[in-house]
Amino acid sequence: ERGENLQNNDKRGKKHKQGWRRMGSKANLQFLLQGGDLLKVLSPSWKKTRFLKLQEDCKTIWRESKKTFKSNQTFDSIAAVRLGRQSEGLKKNTEEQVECRCFTIVFKGRRKNLDLIASSEEEAGSWVRGLQKLISSLNNLSADQAKDHWIFSCLRKADKNKDSKLSQQEMKNFLQLLNIGLDDDYAEMLFKKCDKSGSGYLAGAEIEHFYDLLTHREEIDVIYGEYAKTTGFMNAGNLLEFLTKEQREKLTLADAQKIIEKYEPDEQAKGKSLLSKDGFLMYLHDPEAMVFNLDHKQVYQDMQQPLNHYFINSSHNTYLMEDQLKGPSSTEAYVRALLKGCRCVELDCWDGSDNEPVIYHGYTLTSKILFKDAIKAIKEYAFKKSDYPVILSLENHCSVEQQSVMAQHMSSILGSALVTTPLGDGMPTNFPSPEELKGKFLIKGKRLNKLEASFAEAAEEADNTDVTEEEESSNEADDEPKKLKLAKDLSDMVIYCKSVHFNSFEDARKNQSFYEMSSFKEGKAVKLAEESANAYIRHNVEKLSRIYPAGSRTDSSNYNPVPLWNAGCQIVALNFQTACTELDINQGRFLVNGMGGYVLKPAYMRDAATEFDPITLTRGDWLQHKTLHVMVISGQQLPKVNKKKSSIVDPLVKVQIYGVPADVSEKETSAVANNGFNPSWNENFQFDVYVPELALVRFLIEDHDSTSDNEFIGQYTLPFNSLKMGYRHVPLLNRNGDKLPSAGLFVHVMVLDAK
């Protein structure tokens with residue numbers, strides 16, 4: 001009740017709760033609020049009862065064990081809820097007969113899953129339906145609702161004695177939770193300003209007034225006031241002037257009218273076709289008005305080009321959850337990579353017991369998973385995020401016998417989705433397109449012979465399994481090719497991605513077919529990209545290239561993918577298990593085109609006679625010199641870095657450009673002391689961008705520290721050509737690439753042709 005009392009002090013809070021009740025449906029919500037006992041599963045023998053229930057805030061799950069230990073878990077940390085024995089843990093630790101009673105709560109980031117068993121099938125279904133609906137409703141809150149939601153959760157925490165009032169000390173606690181550091185004099189002045197009754201605490205309308213003072217945004221007042229020329233409101237004509245002059249949108253008066261109808265919360269204003277300041281701010285917070293061009297969110301590129309004409313979102317050692325020496329291997333790692341849009345996953349295959357191949361990082365203490373379990377997980381999740389083809393990159397260390405088992409598993413599990421013969425009739429001369437390969441799996445690995453041999457009637461069948469073939473170097477080995485005995489049934493599954501050793505660009509041009517591809521260790525690839533960039537680009541016009549991290553990166557760290565993309569390399573494989581700048585950049589690169597994992601390379605990187613060189617930048621179609629102007633205006637609801645109550649961030653913003661060497665740049669604002677709630681900078685930057693099609697822009701917010709390295713707060717990366725101009729909000733992502741629910745940055749962007 002106390003949660004409702006505080007929320008009901010503001011009509012917005014009340015509306016939101018009603019919204020959640022509607023979206024969650026009463027029965028499901030009532031079930032979650034009542035809660036119940038569930039079995040938590042950690043091993044075949046460790047199954048303990050845990051009482052779970054939804055808190056009144058409709059955002060937090062309260063968990064009590066039979067010990068005195070209790071904990072809360074917020075919904076914004078939950079990625080998904082899966083019914084049945086879908087997780088690796090439940091498959092390993094439970095029997096098939098409890099299938100219908102099992103479910104898994106999957107958390108964002110790198111936290112372990114929570115595997116649970118309900119007392120009945122109906123109860124499991126109720127938990128899953130209820131949790132899924134609440135997660136969906138929270139994910140679909142508008143920016144304005146998310147802000148209110150977050151502020152009211154902080155209000156509840158600050159109200160220590162739960163009397164639905166705020167004392168002056170509780171107000172200070174509240175401000176610290178909001179990431180605002182105020183000196184005592186200003187805090188006292190703010191409190192007295194709101195305490196109209198002089199009672200020494202804030203209640204009811206006083207809390208609402210306090211909330212309005214906190215959330216007031218002066219910069220929005222200024223912009224709105226410039227265009228609100230109709231009795232203090234914007235009419236459709238005023239709004240259209242703002243949209244065309246400031247935002248550089250190509251819209252009509254009818255479009256402006258639709259925006260008013262969609263975003264104006266006041267029915268009287270809407271009836272007069274007027275947009276209030278609240279409606280204006282709601283529009284600016286909507287995804288359609290943010291810094292990322294929503295036209296690029298859908299598939300908008302030509303998907304009929306050959307497969308090698310695309311950058312492909314790719315993972316290295318996909319099976320690992322952590323480091324490369326002793327970390328766990330898991331099928332969940334494949335699920336997470338695929339759900340993040342990855343289209344090329346790696347399987348490091350070794351002989352296992354009982355004639356069952358396993359996947360792990362060879363010669364290390366990383367744990368093992370069954371090859372067949374990995375293939376099942378890949379099959380189930382491959383096309384949930386994208387319909388475009390998935391490449392299974394096999395690092396094959398198995399005996400001939402277990403290679404045949406691998407082939408049998410892939411054939412039986414993947415079925416007709418596995419490409420085992422070339423598309424069309426006769427021997428192909430080029431790759432099929434992502435469009436033609438929708439819903440398909442391609443195998444990348446060794447092959448006993450040329451693909452052409454299977455079309456030559458006179459060719460003898462290579463049916464003896466002891467034929468040897470060169471194998472690409474593993475991460476730990478040197479660059480000398482090895483010998484590998486290869487099973488014919490596995491070899492025959494390799495159609496468009498045959499692994500071969502790289503000798504030179506000239507050798508590849510003369511002796512390799514289009515489907516023969518090489519893998520390059522990062523050091524060698526970077527050297528080629530620096531010293532022979534144009535030759536590398538031409539090589540990649542004809543063939544595929546895969547890049548992988550150096551074996552010395554035992555901590556699963558990553559290399560910068562940008563110089564390799566600049567050289568036209570398609571499969572630039574990164575350690576998805578490691579949160580880092582390089583993975584942020586990768587997420588930004590593949591943010592566009594439906595997040596389908598395939599991004600079309602620029603035309604000058606698909607031309608066999610191209611003269612493009614990202615290092616020397618001679619004249620050509622690629623040179624489209626632009627000037628980027630960015631004004632960093634303000635931030636909103638930045639999260640704490642240090643969770644201590646008294647810790648407040650000192651935020652600064654870095655604007656970074658990634659691309660060809662001439663475009664790489666970084667500029668930063670000054671730090672704002674003790675304010676993560678609504679810091680203001682109003683600082684202008686200018687950048688020269690010469691090759692915009694390859695450029696990415698990254699907005700990074702850090703907590704300034706004068707005695708040590710700054711700490712990460714949030715970031716957002718997007719392609720330069722996906723920027724929208726004018727006044728724009730920038731959403732912020734955390735270290736794991738998940739959206740920070742209420743945090744944001746407000747900027748002004750302008751892109752001009754350089755003189």
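1. Let's begin with a term: a residue is buried when its relative accessible area is under 20%, exposed when that area is over 50%, and partly exposed in between (1.4 Å probe, protein chains only). Please keep in mind that this is a predicted model, where local features need pLDDT of at least 70 and side-chain atom pairs count only at pLDDT 80 or more, while totals for chains, interfaces and linings use all residues. Residues are numbered from 1 along each chain as its sequence is written, and side-chain values use heavy atoms, with hydrogens and water left out.

2. Now to the charged pairs. A salt bridge is a side-chain nitrogen of Lys or Arg within 4 Å of a carboxyl oxygen of Asp or Glu. By this rule, the model has 25 salt bridges. One of them joins Glu 249 and Lys 724, whose closest N and O atoms are 2.9 Å apart. Glu 249 sits in the loop between helix H11 (236-245) and helix H12 (253-263), and Lys 724 in the loop between strand S30 (711-719) and strand S31 (726-733), so this pair ties together parts that are 475 residues apart in sequence. Both Glu 249 and Lys 724 are buried. The helices (H or I, at least four residues) and strands (E, at least two) named here are DSSP runs, numbered from the N terminus.

3. Next, have a look at Glu 288 and Lys 262, a salt bridge with its closest N and O atoms 3.2 Å apart. Because Glu 288 lies in the loop between helix H14 (277-285) and strand S12 (310-315) while Lys 262 lies in helix H12, the pair ties together parts 26 residues apart in sequence. Are these two residues buried or exposed? Glu 288 counts as partly exposed, at 27% relative accessibility, and Lys 262 counts as exposed, at 54%.

4. Arg 546 and Glu 346 also meet through their side chains in a salt bridge, at 3.4 Å from N to O. Arg 546 belongs to strand S22 (residues 545-548) and Glu 346 to strand S13 (residues 344-350), so parts that are 200 residues apart in sequence are tied together. Arg 546 counts as buried, with 1% relative accessibility, and Glu 346 counts as buried with 2%. Elsewhere, a network of salt bridges links Arg 82, Glu 332 and Arg 336.

5. On to the rings. Those of Phe, Tyr and Trp (its six-membered ring) pair if their centres lie within 6.5 Å; planes under 30 degrees apart count as stacked, over 60 as edge-to-face and the rest as tilted. The count by this rule is 22 aromatic pairs. In one of these, Phe 31 and Trp 127 have ring centres 5.4 Å apart and planes at 80°, so the pair is edge-to-face. Phe 31 is in helix H3 (residues 26-34) and Trp 127 in helix H5 (residues 121-139), so the pair ties together parts 96 residues apart in sequence. Phe 31 is partly exposed, at 22% relative accessible area, whereas Trp 127 is buried, at 2%.

6. Tyr 310 and Tyr 598 have ring centres 6.2 Å apart and planes at 80°, so they too are edge-to-face. Their pairing links distant parts of the chain, 288 residues apart: Tyr 310 is in strand S12 and Tyr 598 in strand S24 (residues 598-600). Tyr 310 is buried, with a relative accessible area of 0%; Tyr 598 is buried at 1%.
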